[in-house]
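Please look over the model shown here before reading on. My notes on it are brief.

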Amino acid sequence: MDRFASDLRLEIKKGLPGTEVQWALASSDRFVRDFPGTPRADSFEAAVLILLYSHNNKINTVFIQRPDYDGVHGGQISFPGGKSEKSDADLISTALREAEEETGIISKNVEIVGTLTPLFIPVSNIVVTPVVGWTKERPDFKPDFGEVLFIIEADLRSFLHHSIIKTRPMEIRGENIDVRYFDYEGHVIWGATAMILNEMLTIIKKADLSLMV
């Protein structure tokens, strides 16, 4: 495993920033006040893959643009991932399986760096575990266009600048709220994905790994 990934693994093992850092990028103050922070008895489990890889002397990650559909997450940008299935050995297996199905990566080539703080998403009643993975080379992405409109390969360094975090009004389920989001080259990354990403970036900054990105 390359030095960036190995140092990141060590930092994750020291302890995670947790939900407070995640909720700093929540959609609005109202959501923080009114939404429950703990799962329900009938909540589903899911996992996403934060895939990191070196390409053109940069550390990159990948997002997917989901197609519009009749659901709370339709049309959003997210990390590859989805709900756990009975055939999955664990949530790491869930993240790898879903990422392979959606983006065409070869899951056996992914080295697991660690997992971040599980995030409860009340609107979909799902607890999402972020799994951090590393590949030594850029994967040969082959998206499943039934689930993915397109793939966004993002330079991780861009997210370390505070100016990338912006606020804009959005209508969500009939209510106008101010949404905090990452503006990556015009792509609006918000909601649970932004919250998970914010914890990841906090770990990188805390360990001074930003110098290696």
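1. The model is predicted. Everything that follows should be read as computed from that model.

2. Helix H4 covers residues 91-103. At 1.5 Å a residue, its 13 residues should span 18 Å, and the end C-alpha atoms are 18 Å apart, so the length agrees.

3. The ends of H4 have local features. Just after the helix, glycine 104 has a positive phi of about 85 degrees.

4. Buried residues of H4 include Leu91, Leu96, Arg97, Glu98 and Glu102. The buried residues of this helix pack against strands S1 (44-55), S2 (58-65), S4 (81-83), S5 (111-115), S7 (126-135) and S8 (150-155).

5. Helix H5 runs over residues 191-206. Its 16 residues should span 22 Å at 1.5 Å a residue; the end C-alpha atoms are 23 Å apart, which agrees. H5 is mostly covered, with 13 of its 16 residues buried. Aspartate 208, which follows H5, has a positive phi near 60 degrees.

6. Which residues have the most contacts inside the largest nonpolar core? They are Phe4, Leu8, Leu52, Phe63, Val132, Phe159 and Phe182, in a core of 43 residues. Among the elements that each supply at least two residues of this core are helix H1 (3-14), strand S6 (119-121), strand S10 (175-184) and H5. H5 gives the largest share, nine residues.

7. A second, separate core has 13 residues, including Leu91, Ala99, Ile105 and Phe141. Leu91 and Ala99 are also among the buried residues of H4.

Definitions and conventions: Residues are numbered from 1 along each chain as its sequence is written. This is a predicted model: local features need pLDDT of at least 70, side-chain atom pairs count only at pLDDT 80 or more; totals for chains, interfaces and linings use all residues. Side-chain values use heavy atoms; hydrogens and water are left out. Helices (H or I, at least four residues) and strands (E, at least two) are DSSP runs, numbered from the N terminus. The expected span of a helix is 1.5 Å times one less than its number of residues. Buried means under 20% relative accessible area, exposed over 50%, partly exposed in between (1.4 Å probe, protein chains only). Contact means heavy atoms within 4.5 Å. A nonpolar core is a set of buried Ala, Val, Leu, Ile, Met, Phe, Trp, Tyr and Cys residues joined through side-chain atoms within 4.5 Å.
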